[in-house]
Structures are given as structure tokens and as C-alpha cells.
Amino acid sequence: MLKISSLSKVYPTGTTALKNVSFTVEEPKVVTIIGPSGAGKSTLIRCINRLVEPTSGTIMLDDVGILALNRRDLRKVRRRMGMIFQEYNLVERLTVMENLLSGRLGYVGFWRTYRRVFPPKDVAAAFALLERVGLSGYQSTRADALSGGERQRVGISRALMQQPDLLLVDEPTASLDPKTSRQIMRILVELAHERGTPALVNMHDVGLAQSFADRVIGLRGGEIVFDGPADRVTANVLTEIYGEEDWSTTIRQVENETDKPGKGSSDGKDSLVRESLA
Amino acid sequence: MMTASSLTDRGDAPQWHRIRTIENRWARHGLTALAVVYLAWSLATLDINWTRLGDGLPRAANMVLRMLPPDFSRWGLLFKGTLESVQMALAASFVGMILAVPVGICGASNLVPKPVYLAARAFLILSRTFHEIIVAIFFVKIFGFGPLAGVLTLIVASTSFISKMLAEDIENMPPGQLEAIRATGASFPQLLIYCVSPQALPRYLGVSIYRLDANIRHSTVVGIVGAGGIGQVLAASFSRYDYDFSLAILLTIVSLVFVGEFFSNWVRNQLR
């Protein structure tokens, strides 16, 4: 699905953000990327859809070499990658529905964009997603009137409106409180699994990353220092990624985890709706 | 006991004084003295003639007396001039609004490549270099007396003003929104329509309405150098010493500006 080979990025300032990063995402799983600030997590995510231009390396999405594309073909491949941001990045003065439909911009022409007339199936898909993320009835609310958690639900929905083959998620919960963070991660992971969409998720919260990820990649100084299943992240691994620290509290928090997604997920949707009402 | 005695011990007390912009005492006082000397010199060389100032006062009184009462008898001329000014202001604002959109977009560094940005900014600086009166004199020389020169002058001024405001407004947009819409695979025109436009539109309209209000005031001024409108009528009345008619024109301008200001405030309140 996604194959990254010897990807490097040196910023014009001389900072080396990524050094020879290679990994492959074969299955529709949730991969979280952890690492200290400045390790290159954001750069890595942004290189994949070329919001940041890498210095060297290759990125293949199925059989498309992303780094060789011209602007036109880049737009086509960006349609296949949904992106979710820390600061939500909704268009503030537009309504929730308009923000969701912006996920379809890659598929509609200029006049439809100008008149904000989208194909009925897109509108139907948007209403279905709103209900799924617990925002039924919010379609005409302006984005700047929403709370953080609500905004991120809209952000997730916008990305999913693209019906992407890959989700790029940059610190989805860093601006949210712990409870909302868990709700948002739960929605994100459930939807990714439901739709069989692989997701690359940058996180700085190790506990949250471990409890929701299928696989964890650890970045340090622009290099991959760990790549493995979430349950193999031990104190030694964290020391390798972040440096010396007492990790016992972080690890215990993970071991005591009770509400992992998948465990008792039969009432997943109900709990979602309950939380959104709370 | 030890600490108390050491705090009151003058010899060991740490020194502190305020930090000045210019630390060197000689430089500081020298600059102050220089400024005073320059002020005295420039006042001395200006050659303010107190007798001429004294002579002017009775002339001013005479002028005021001749202004009263204002003469509205030539209301036809007055009305025509006023209408021309308003038309000039409206036309210039409208054309300026339209021209400002491409110029403003090209002047926003977060949207366009560097060369385009620099070209647009150079145009903006150039068009703002000269005061409207100077631009009006140029256009009067080129296109002759009348409202055409006035409208062109106001178009130049409105375009540069509105596009500068628009460019700055776009540059102040949170970068994340642009990034997010780009990431969906939207084209550049779609980015403008779906992301830039909703965020920048209210302020753009507000600035444009403010500019309409400003254009009404400016249209009365550019007329004085012959670029049409009520200002041209005013200049003519002054040169013929028809001071009572001049007062009538001035009163008309005052009320016109009042109405313009009121209208502009009202519209901008509605936009909020």
C-alpha cells in the first residue's frame, strides 16, 4: 500500500528533519509514530502528501511514485490521502457541511465549487458521516462555533469524505483534554478499521499511542529507532526513543488499559453516541 | 542576623540603575542639544512674518462676511457637481474593488510564488508613492480637464488601497486552513473560492465600503486640480471671489461626507 524508501529531508535552514527513513505499510492498520518534539514526525507525515517537499528518497502509494508527480497528478494522488490535523484546520467561516464537502473538492469542478453544489451522493455520505461521528443536526453550524472535540470530529469526517486509501493524522489529540482525546482516538481507530483504511498517526502521548495502535514506529532525530507491534513497546524501547527516564508510570498506565478498541466493541457505536451527548 | 547586616552593608549592596536606550551620557545629552539647536535654526530660517500674519486677520474676517449668507441660487451647478463627484466615487470604488482582487491575491506571499509577489508589492508601493493630487495632475495633463481624469485617479488610489488590505488579510489567515484544503487535492482556483474567499470576504467588503466613503471625500479634492466634480466648481468659485457660493459648496460637501460616513458605518455594522 505505502512504501517509503530512504526518505530524507533537509530544510533550507540546514536542519536535517529526516534521515534515510524506510518503512512499509502493508495492511489496513493503525500505525502510530511516536518520538520527541523535533524528531521529524510532522515532516514525515507532510512529505507523504508533499505539503513538505522531501530532499531525497521514494514514496510509493500502490504503484504511484509520489515524489515524481507533476502538480496535476499530485492533486490526483492527494485526493487518495485524507489528512487530519492537530489544530483541526477547518475553514472557520464555513458550515460543518461545507467543511465536510471540502473533502470532495478534488472530484468536483470549479463551478460546482463556486456554487457549492455537490453531487447528491456526496451530500448523503456527509450526512451519514455526521451521524456516525455523533454530530447529527450540526450541518448548518459554523465551524467557529464548535468545541475542540466537535471540530476534530468534523476534521476526521472531512478526511473520510475523500474515501481515502490512506489517512495521514498529525497529532489529532494534542489540543484536546484527556477524555475528549480518548473519544477522538476511538472514533478515528474504529472508522479506520471499519473502512479498511490504513492510518499513520503522529502522537506525543505514548500511553494513548500504545492503547490505540496496531503498530508503533519510534522516531528519534529523524531516524527510525523502533518499529513493531504496540505491545512490544517496553521501557527500554522508550528510553531508546526519548532518552533516559523512569517509564514505570507510563508503562503501567498502558497495562491497566481496559477500554482498548475491539474489546467489547459490540456497543462501540452506542458508547460513541453517549459520549457525544455527555 | 548575618543576612540582615550584609543587606544593609552599603559596601556590598548590589548596584542597579535603569537601562537607557542610549547608555553613553555624552551621546545622550549631545543628541538632545542637537535637536534643540536644529529646531531653533529651522524656526529662524522659516521667516515667519508677523506683520503679514496680522494683515491676514482682517482679510479673513472680510472673507467670512462675504461668505454669509451662503448663496444656493446656482443650485443647478451645485447639484451637477455633487452628482458628478458621487458618480466618480461610486465608479472608482467599484472598478477599484474588482481590480483589487487579482492584485491583492498576487500580493499575498502565502498564495503565490515569490516573483509574482514581488511584482505585485512593487506595483502597490509605486501606486501609493504619489499623493492623489499629483496623480490627478498627471491624468489631467494626459486626458484633459473633467471627470475622466478624476475617476482614473480615484481608481488608482482605490485599487492600491483595497488590494493592500486584501493582501495583508490573506497573509494573516491561519496557514493550517490553506494546508488542509490543499491536502484534499483542491486546485488553486478551488482553494481561492472555498477557503480564501469565505475567510477574507467580510473584511474585503468592509474595506471597500470604507474606500467608497473615502472616495467621496477625495473626489471633492481632486476636482481642485481640474479633475471634475464638485471640487472643480469650488475652485472656480474661489478664483472668481464668489465666496457666498463657495460656502454653499462647502456646506454641500460637508453634508455629502456626513451621509457617506453614515452609510459606510451602517453597512460595515451590518457585515459584522
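User: At what angle do helix α4 (residues 75–106) of chain B and helix α9 (residues 188–222) of chain B pack?

Analyst: This is a predicted model: local features need pLDDT of at least 70, side-chain atom pairs count only at pLDDT 80 or more, and totals for chains, interfaces and linings use all residues. Residues are numbered from 1 along each chain as its sequence is written, while chains are lettered from A and ligands numbered from 1 in the order in which they are written. Helices (DSSP runs of H or I, at least four residues) and strands (E, at least two) are numbered from the N terminus. With axes fitted as lines to C-alpha atoms, for helices over the stretch in contact, and angles running from 0 to 180 degrees between N-to-C directions, the axes of α4(B) and α9(B) are 9 Å apart and the angle is about 150 degrees.

User: Are α4(B) and α9(B) roughly parallel or roughly antiparallel to each other?

Analyst: Angles under 35 degrees count as roughly parallel, over 145 as roughly antiparallel, 65 to 115 as roughly perpendicular and the rest as oblique. The angle here is about 150 degrees. The two helices are therefore roughly antiparallel.

User: How do the residues of the contact of α4(B) with α9(B) divide by class?

Analyst: Residues are in contact if their C-beta atoms, placed from the backbone, lie within 7 Å. Among them here are S85(B), A89(B) and G96(B) of α4(B), and L192(B), R211(B) and I216(B) of α9(B). Ala, Val, Leu, Ile, Met, Phe, Trp, Tyr, Cys and Pro count as nonpolar, Asp, Glu, Lys and Arg as charged, and the others, Gly among them, as polar. The division is nine nonpolar, seven polar and one charged.

User: Which elements give two or more residues to the side of chain B that touches chain A?

Analyst: In this interface, 18 residues of chain B contact 22 residues of chain A. The chain B side has nine nonpolar, seven polar and two charged residues. Its elements with two or more residues are α8 (175–183) and α9 of chain B.

User: Is S109(B) buried, partly exposed or exposed?

Analyst: S109(B) sits in the loop between α4 and α5 (114–129) of chain B. Leaving out residues up to four places away in sequence, S109(B) touches Y117(B) and E171(B). Buried takes 20 or more other C-beta atoms within 10 Å of a residue's own, exposed 12 or fewer, and partly exposed lies in between, with C-beta atoms placed from the backbone. S109(B) has 15 such atoms, so it is partly exposed.

User: How many of the eight residues of helix α1 (residues 41–48) of chain A are buried?

Analyst: The buried residues of α1(A) include K41(A), L44(A) and R46(A). The helix is largely enclosed by the rest of the structure, because its buried residues number seven.

User: Which are the edge strands of the six-stranded open sheet in chain A?

Analyst: The strand order is β6-β7-β8-β3-β9-β10, with mixed pairing. Two strands pair if DSSP finds at least two bridges between them. Strands that pair on one side only are the edges: β6 (81–84) and β10 (223–229) of chain A.

User: In which sense do strand β3 (residues 30–34) of chain A and strand β8 (residues 199–202) of chain A pair?

Analyst: V30(A) stands opposite A199(A) in β8(A). The two strands share four bridges, and the sense is parallel.

User: What percentage of the 278 residues in chain A is buried?

Analyst: Chain A has eleven helices and ten strands. Its buried residues make up 41%.

Notes:
Two residues are in contact if their C-beta atoms, placed from the backbone, lie within 7 Å.
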